[in-house]
Amino acid sequence: MYSTIRELRFALNDSVVVMALAIAAILACYTIWTGSEESTNERALIERVTALVTEDREFALAEQSDAGGAAYYAYHFTYQAPKALSFISRGVRDDLPWKHRIRMLALEGQIYETDTGNPELSRIGKLDFDFVAAFLLPLLSILLLYDLKAAEIRNNRWEFLSATSGNGLRLLSNRAAVRSVLLYLSIIFPFAIAAVFSDASSASIKVALTAVALNVFIWFVLALLITYKTESGPTAAALLLGIWFTTAVAIPVVGKLVIEYTIPLPKGGEILLAQREKVNAAWDLPKLDTMTPFLKQHPEWTNEATVDQPFEWKWFFAFQQVGDQTVAPLSQALHQGTSKRDEAMHLVSLTSPSLYTSRTLSQIAETDIASFQRYNRCVRRFHARLREFHYPMLFGRIAYSQEQMKLLPIFAPCERLT
Amino acid sequence: MNTVLLIARDEWRFWRRSKLGAAAGLLALILTCASLLATINQVRSERETRVALQSEAEDTFRNQPARHPHRMVHYGHYVFRPPTALAALDPGVDPYTGTVMFLEGHRQNSATFSPAYSGAQAGPFALLTPALSYQLLVPLLLIIMGFSSVTREREAGTDRQLVTSGISPTTIWLGKTVALLGAATLVLLPLIVGTALSNASGLISFGFALLYALYLTTWVLIITAASAWSQRASSALLALITIWVTLCIVTPRLLASAAITNLPTASQIETDMEVIVALRDVGDGHNANDPAFSQLRANLLEQYDVDHIEDLPINFRGIVAQTAEAKLTDVLNEFAERRMASQMAQSHFVNTLEILSPFAVLQSASMIAAGTDNQTHHRFLREAEATRFQFVQGLNRVHAAKMAYSDDINRSSDPDAERRTRIDPENWRVLKNFKFQPAPAAQRLTQLAPNLLLLGLWMILAGWIGWLGARRLVEVSRV
């Protein structure tokens, strides 16, 4: 106990330690703050766009005199609102879409639309809490811990200390532990405060606390082992930096390359192209070429499916659906392949503390691939509901009326299914 | 001069002896060569693929069967942005913007399908391009090789021996710098080879290599300066790692997030909604009865001196489509330009402050040299839009000239009229070939001149600080 207090005093009198801790705390506070701002902005954006799209839909629907026009011109806003802990990690939220404006046309032509910001800034990357806690934290750890033993040797105290405290390792580990805990606290404290004031579940807060603690602990052990084995501080530091480089940069890069090579995916572009060709070709094909595959999926409309005119709305929407049906295998392959890649990347991350921490934080922030796929499924379900709603009117089983249109489904974010 | 080389050679010998220096040097070489090999082939084949896809898309369009010209407007067309010669080394914004664009009537699409869409989530360093390894990782490896260069002599007391034997401290510092410069040159070789092998113009290749040479020289000078100023190797390392994290990791990201916070850009959907509201007055080009076109109708009736639009020698619907498309395009262009301008304002914000970090200076200059910056992408967007407008209006002119109004309005209910509105595929030749070229080399070089200057300034600053540190070496040694 006494030695811990002594070490604490030592640490806080060391300007290097204080500087490193200050950097950690400042970066943590800054990223928590900007992350929270970003979530607030996104919520405000969702509210604004919802109002705009609703207003536009009502404007467009008021002019429509038939079921086809109503289905064609009614746009819907779908989105995934930032979750309670989204402020700690941007995850894939800047690269993959989390909001769409969709309508009854073929969904495959709409769902890959990605609304990203300035690509030059995306390229630089974001400084979020995730980055600080997963990738910068080890570097700060190295700065705090690499010189522990070498400094004592340099000051000719090592032999003395080893002799008096019985075991040099104990002294070293004591000192390293105190510094690591201080580092952990300066990074986690801003998070803990923000998390308590958010609606986050205590379970996910605990996951974040543990993940970052684990990252600190791993670097504590690594630093201790390496400083104990090496005589000179610089050699220890270079070795530790090498480990950081290997785990934080090399493993993710190589892992990603290998995974993307071994798990090939249909490109979104191919899906879009195939779907578009199908939909466009339908205009020139006999109506039966569209209606037959459509009825295979929807036999309930068999009695209403005769198309007499060169253009009929039900035929138009039928070939939109057939376009989706045609590329459904590709689309499912993309969906499943993305999950597979994600699972493989999870395995890779087990060998990289930084990547593992980052992915864990992204997971509880619900900004990871899995969360993006949940949103995707949610949009697909909503689009299916739209079809269920419009088909009875398009096929003439229910008469089109403004009254009936009041029952139009409105998008609501899906609850997480656990 | 000989003494300088002698000291440098001694340093090289030290690296060979100490596993650390050798390992770091080797790692740097492997890293850069590997990233080079991985990308150079990929971009070369990518280029051929996209050029082939482009002419395929053009053939597909022109070989469409007879149909209503407006169907062709919606059928649309693809344009591809082939990677530039240096995109292998620095893909810049390409992985984020996507490089394929679908062109159709009444809409300006964004370029789609960035590779990020289906990529595995592998952390912030996952897109390791050759450029990024030179910008980010080579300096780190140089730090590991060079942080102890001067301090080692000081800690062993050998600097005093050297000084007493008549070698000035400045010479020692210079020798160490030359040694590390040698290592940097060796690491730079793959980049120079890669630049030479690419089809880039000589001027651009030279500018590109020069940027990286200046950047690495700056780092070499920063490293020997820190080493000269430090009493101990460990404090030199501490300082250098802090500098590296600050310059290469934290500052650029802070600049980016400050740009977003200070100059937020509207999201695409919000802009789309503004466009929709702005377009309500333009009228729907599919609907010739839209009140927005009543003035147009009156003018045409007067011009041709007839009473009914059926009597016009041209198809009124085609005229409406043309007019609506032109008005709509004006509105779309206005918003697109606004969006591009707001992105450029963000980039400009970053560019003005990037003097704070040679990493940021190099990063933006490298993209300009490679022709993979956002400005080049905007150039692509504008050219693609010009192509879109040209073929859509070409089809609309055909729509107005080559079919009877009565057929056009009855085609949804009368199969014979419908057949007559399908016009000869000969008309699909209105589509022009698309070939994207980035801005000429000279223009891009002028554009990155300020960055070259800034890197030069950083280099001089680091050199000056190192020189001061070396002179301080004398006083310390004399004590």
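In the predicted model, the contact between the two chains takes 62 residues from chain B and 71 residues from chain A. On the side of chain B that touches chain A, eight elements are listed as giving two or more residues, among them helix H3 (69-75), helix H4 (94-97), helix H13 (316-353) and helix H15 (374-401) of chain B. H10(B) gives the most, with 14 residues. By class, this side of chain B has 34 nonpolar, 20 polar and 8 charged residues.

H5 of chain B also gives two or more residues to the side that touches chain A. Helix H5(B) covers residues 130-146, 17 residues in total. From first C-alpha to last, H5(B) reaches 22 Å, close to the expected 24 Å. A bend of about 40 degrees occurs at Leu137(B). A proline, Pro139(B), follows within four residues. Of the 17 residues of H5(B), 16 are buried, so the helix is largely enclosed by the rest of the structure.

Chain A is assigned two domains. Domain 1 spans 2-18 + 129-262, and domain 2 spans 30-127 + 266-405. Their centres, taken over C-alpha atoms, are separated by 44 Å. The contact takes 29 residues from domain 1 of chain A and 25 residues from domain 2 of chain A. On the domain 1 side, helix H5 (129-145), helix H8 (168-197), helix H9 (202-229) and helix H10 (233-262) of chain A each supply at least two residues. H5(A) makes the largest share, 8 residues. The residues on this side of domain 1 of chain A divide into 21 nonpolar, 5 polar and 3 charged.

Methods. Residues numbered from 1 in each chain as written. Chains lettered and ligands numbered in written order. Predicted model: local features only at pLDDT ≥ 70, side-chain atom pairs only at ≥ 80, totals over all residues. Expected span 1.5 Å × (residues − 1). Bend = angle between axes of the 7 residues up to and from the residue. Buried ≥ 20, exposed ≤ 12 C-beta atoms within 10 Å, placed from the backbone. Domains from an automatic or database assignment. Contact = placed C-beta atoms within 7 Å. Nonpolar A, V, L, I, M, F, W, Y, C, P; charged D, E, K, R; others polar.
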